[in-house]
Amino acid sequence: MTLIDVVDLSSDDELGEVDVKPVKLELDVVGRHEEKCKAQPVKNKLSKTQRTIQDSEENRSSNALSTGHSSSSILDQGQSPVDDTGISSASPICPAPLCRQFWKAGNYNDGIGSKATFQNGKNYLHVHPMFLHSNATSHKWAFGAIAELLDNAVDEIQNGATFVNVDKISNPKDGSPALLIQDDGNGMEPEAMRRCMSFGFSDKKSKSAIGQYGNGFKTSTMRLGADVIVFSRHQDKRTLTQSIGLLSYTFLAQTGHDRIVVPMVDYEFNPTTETLDIMHGREHFMSNLSLLLQWSPFSTEAELLKQFNDIGAHGTKVMIYNLWFNDDGSAELDFDTDPEDIRISGDTKKVNARLGWKEVNEQHIANRFHHSLRVYLSILYLRIPATFQIILRGRVVEHHNIADDLKFQEYILYRPQTGGTVEGQVITTIGFLNDAPYVSYHGFNVYHKNRLILPYWQVVSYLDSRGRGVVGVLEADFVEPSHNKQDFERTSLFQKLEVRLKEMTWEYWDYHCGLIGYQVKKKLKPVTPQSGVHQSITLGQSSPALGSKNTVLGKSGPSISSTLRKSVQGTMKRKEHDDILPVENVKRAKVINTGKSQSVQLGNPTGNQLKDQEAKNLMQENNKLRSKCLEYEKREGELNLKVAQLKKEMKDVDDEYSLMLAELEALGDVKEEKGT
């Protein structure tokens, strides 16, 4: 038996001296576990530096075999503070949590209880391990937790990320299924890794970044499984680091900790010796490595380092294991029903529809996204660059634009106001589903900063089929999403948006339901059009709901004269609001093509516009917009590809420069030795 110092990496480690807690562990020599993962890793081209790193890792492994130790390289110099008979895992299979059902796993008994700590004259409250579970309960839906992890990869697109891979792998120790999420983003240097695995830190300063609270990694990983191990490689111009961190609810529960402890080890590549040097001192390194080998799926340091082989020059690999079960004892994530998909076990929703319409309702995307991860990921982002791919179980996820499922589309401009100040503006695409009236789905798909927050949000409950099949798409960046990114904060702006969307639904249905075979309850009286009454808005490419990259609307938005406010007349009565365009009785805002640019025109619909001719005109205009949108998207893809190529060339030049600089320094040392 020997005492190992466990470094506490909970949220208060930034505030004072690192707290150390002794934990007794038995260190037994365990043979290397050679079981290979079943998943096929994403292939990346390795640079000369990476191959050197791999050679260094293999040398460490071969040395361990020849000396009988699992990682002799860290025991070569000086006397070890612990028993160095071996630092392999103390157990070939790390024990699973006592309860594998997520909603029942919150019962935690440390026998001590949480307490405040007195450091440097100040009181600090430790984060209890029970918080890991209670914090994760914010995710009611497992796919929402997976989406949270994908957001981290999508945010790395600005740093050159080209893919995120989601796959099933096997736990090397017991063969149980585990979830892999890997990207080739910029990776995390050691300090960034610590912030990631602590609470309340966020490095995402970009306005376009999806993540912002610094809490998503913990909530999402702990919602999917009891334990997660993270491998990250980061490279800047002069330094390459590799970090491994373990966030384990199993470890904390089994050992009875009263605060969150995160074992972590860091390496830095030494270009002179072409080896990996340990960071933060050998004693700290060995104590953390011992815990990693006992509670992670890997039994030796060599197996840990092998996980970096397919990461490339930079990137991050997240492995979630000890996945949760349902209340009936079945696995929550179903990997077996479809080998190219991940499904939620037993979550196929029953559809109440006529016998002839049941199949079309069951197969509709509005139903399938609830239990199919592939379907959900296809609509998760409003726009995906041509240079980026989401790969699910070896096959690329095809992006799907919900606006493509709509017929008889209209585009409505909405500008919410608070105290006379415009808070934002958004164009909502609204229409009937292509399968209407045979499908019963309706609602709005609300995106925030390109990310789907509310899919098919039902703002109305229809009676007598009123509102049936009416679906909208919008990107509302002026409201803030909740922490789990499955809803919005219930602010006054959000409440105004909800009221406005209800109005849109009723108005669209009342005047257009005849297009899908229902009797029109309200008709518009012919009105003499006002010449020159329209509002133009320059769009960068197309309506946001059609998948455009940018929409240029101006800071204060377009102005409408007081004459226009009084001149628009008609029979459609609408309540006056302070959160919409200051126009009384606005009938519709529809996108028109003006040749070189597009505009949103506030028109005065007449009775004839509700006939078939109106539908034909709208479809023609829509086709024109789509063709222009495709042209812009093609051009955007070409530019993105060119940017990616230039970044790659710059990176290659930097790598070559680093190698030449290292060689130059080595030659300088040789000349000095000869001179002496």
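User: Which loop does N484 lie in?
Analyst: N484 sits between strand β22 (470-475) and helix α12 (492-512). Helices here are DSSP runs of H or I with at least four residues, strands are runs of E with at least two, and both are numbered from the N terminus. Residue numbers start from 1 along each chain as its sequence is written, and this is a predicted model, where local features need pLDDT of at least 70, side-chain atom pairs count only at pLDDT 80 or more, and totals for chains, interfaces and linings use all residues. Side-chain values use heavy atoms, with hydrogens and water left out.

User: What makes N484 count as buried?
Analyst: Buried means under 20% relative accessible area (exposed is over 50%, partly exposed is in between, with a 1.4 Å probe and protein chains only). N484 has 14%, so it is buried.

User: Which residues is N484 in contact with, leaving aside its neighbours within four places in sequence?
Analyst: Those are S138, H139 and E148, where contact means heavy atoms within 4.5 Å. There's also T137: it is 347 residues from N484 along the chain, yet their C-alpha atoms are separated by 9.6 Å.

User: Why are α3 and α5 called oblique to each other?
Analyst: Helix α3 (residues 142-155) and helix α5 (residues 216-224) pack at about 140°, with axes 8 Å apart. The axes are lines fitted to C-alpha atoms, over the stretch in contact for helices, and angles run from 0 to 180 degrees between N-to-C directions. Under 35 degrees is roughly parallel, over 145 roughly antiparallel, 65 to 115 roughly perpendicular, and the rest oblique. The pair therefore goes down as oblique.

User: Which residues of α3 and α5 meet?
Analyst: From α3 come A142, A145, I146, E148 and L149, and from α5 come G216, F217, T219, S220, T221, R223 and L224. They split into six nonpolar, four polar and two charged. Nonpolar covers Ala, Val, Leu, Ile, Met, Phe, Trp, Tyr, Cys and Pro, charged covers Asp, Glu, Lys and Arg, and the others, Gly among them, are polar.

User: What makes R393 and F408 worth a look?
Analyst: Most residues other than glycine have a negative phi, and most peptide bonds are trans. R393, though, has a positive phi near 50°, and F408 has one of about 55°. R393 is in the loop between β14 (389-392) and β15 (395-396), while F408 belongs to strand β16 (residues 406-414). R393 is buried at 16% relative accessible area, and F408 is buried at 13%.

User: Where is the cis peptide bond?
Analyst: It runs from A436 to P437, with omega near 10°. P437 is in the loop between β19 (426-433) and β20 (443-448).

User: What is the mean pLDDT of the chain?
Analyst: The mean is 74, and 63% of the residues reach 70 or more; pLDDT is the predictor's confidence in each residue, from 0 to 100. Over residues 1-46 the pLDDT is below 50, though this stretch has 116 contacts beyond near neighbours in sequence. Residues 61-93 are also below 50, with 70 such contacts.

User: How many helices and strands does the chain have?
Analyst: There are 14 helices and 24 strands. Of the 676 residues, 54% count as buried.
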